[in-house]
Amino acid sequence: MSFWNRRQWLQGAMAAVVGGKASGAVLAAPAATAPAEKPQVLDLNKYQPKSMVHLPETKVPRAKFPVIDVHTHLSFQAASKNGVPLGEKMVYPATPEELLAVMDRKNLRTMVDLTGGIGQGLAEAVAKLQTAHPGRFLVFTEPTYGRSNQSGYSKFQGDEIERAHQAGAKGLKVTKVLGLYLRENVATGNLVKVDDPRFDPMWEACGALGMPVTIHTSDPDAFFLPTDRFNERYEELNNHPDWSFYGRDFPPKMELLEARNRVFARHPKTQFIALHVGNRGEDLSYVAECLDRMPNMHVEIGARLNELGRQPRTARRFFEKYQDRIMLGTDAVPHGTDTPQQIFCDELYEIYYRFLETEDEYFDYAPAPVPPQGRWRIYGLGLPDEILRKVYYENAARLLHLSD
């Protein structure tokens, strides 16, 4: 007997007792109902629930103040081996004209192309973007990983920063290749540590030339855990198993971050921008401790709205305290497909602006039908104008030595 039928029968029984007790009538239990249908099985990747919450929605089609996006990828080295970029040939996923159309609509004054390559590839990227469109694009260089196992590399890489600076590079980008992909024989052997001393002349050269270093060390916490039912990023990792750094010979995440911090401490005259909220957006208290300890450390927020937006009160306090050291970055890639939270488009910037400028609640952190970095939504910070101006433009302009 179902719960509902049982309830109806009991109600009828009580009525009979109250109204006709003397009659001696006997109540019969209702006939058994047909068994309930079995629960449906639905593939998780097809589950796209529609929220029933009704909340105000603020449209922010254009940033309140001019913006510098300090974290974009407008060019790439064409060749790589086992995750290590090699060679000087470059590829460009979009034309400057395509980029500028979106930039003008979104009040995006400048995009910083972090993966500007090396040698002739760097010179080409600088000419194509930075020189051809002054003030709209800035180009960073990268380490020459292909020579990292050769004698004299340390001096070569330090000198290469000087040559890149002369070619027009405005800074250095170090990807997670250092720590997770680069090996003693470039693509084979033991992993090279983030604080390997062979890179010390490179860090020092950047400091001497006033070139900020953007550095991506490690990845989200979940990427260092088993891809199982307890992992909050299960769908993402199940779809991209090569993004997992659990097991094998990969070091623990905190070991990577502490090696990075030793680099920061060892080179106090070099300004470092720790990308992705220092790659510890899950624990802002740790990021705050690092910022307190190392005054040459800064952060940007690229591809981490999913982390910041689910802890809005803590994140708001973080922005208030470190308002002079936080920058807007998106990790934008034109015409990407695997990472909706990074696809360069109008909608991407509208989400960032909504998160920073409004107090809207429970909205998507990426322009995608399914949240790509965990199944949750985010809440806006509603930052005051003074902080917005710094995060959008002033902090980056100061590090990049830009005059308004």
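1. Strand β2 (residues 76-81) and strand β3 (residues 84-91) run antiparallel and are joined by 5 bridges. The hairpin they make has 2 residues between the strands, and Asn 82 there takes a positive phi near 50°.

2. A word on confidence before going on. This is a predicted model, with a mean pLDDT of 93 for the protein and 91% of its residues at 70 or more.

3. Now the open sheet. Its 5 strands come in the order β6-β7-β8-β9-β10, and the pairing is parallel. Which strands stand at the edges? They are β6 (172-174) and β10 (326-327); each has a single partner strand, so one side of each has no neighbour in the sheet.

4. Further into that sheet, β7 (residues 213-215) and β8 (residues 272-274) pair in the parallel sense over 3 bridges. Opposite Val 213 you'll find Phe 272 of β8. Helix α8 (residues 253-266) lies across β7, β8 and β9 (297-300), and runs at about 160° to β8.

5. Next, α4 against α6. Helix α4 (residues 153-167) packs on helix α6 (residues 200-209) at an angle of about 30°, with the axes 8 Å apart. Because of that angle, α4 counts as roughly parallel to α6. The crossing of the two is right-handed. On the α4 side the contact uses Ser 154, Gln 157, Gly 158, Ile 161, Glu 162 and His 165, and these meet Pro 201, Met 202, Ala 205, Cys 206 and Leu 209 of α6. By class, the residues of this contact are 6 nonpolar, 4 polar and 1 charged.

6. Last, α13 and α14. How are helix α13 and helix α14 oriented, roughly parallel or roughly antiparallel? Helix α13 (residues 346-357) and helix α14 (residues 385-399) pack at about 150°, with their axes 11 Å apart, and are therefore roughly antiparallel to each other. Tyr 353, Leu 356 and Glu 357 of α13 make the contact with Leu 388, Val 391 and Tyr 392 of α14. This contact has 5 nonpolar residues, no polar ones and 1 charged.

How values were computed:
Residues numbered from 1 in each chain as written. Predicted model: local features only at pLDDT ≥ 70, side-chain atom pairs only at ≥ 80, totals over all residues. Heavy atoms only, no water. Axes fitted to C-alpha atoms, helices over the stretch in contact; angles between N-to-C directions. Helix = DSSP H or I, 4+ residues; strand = E, 2+ residues; numbered from the N terminus. Parallel < 35°, antiparallel > 145°, perpendicular 65-115°, else oblique. Left-handed = near helix turned anticlockwise from the far one by under 90°. Contact = heavy atoms within 4.5 Å. Nonpolar A, V, L, I, M, F, W, Y, C, P; charged D, E, K, R; others polar. pLDDT = per-residue confidence, 0-100. Pairing = 2+ DSSP bridges.
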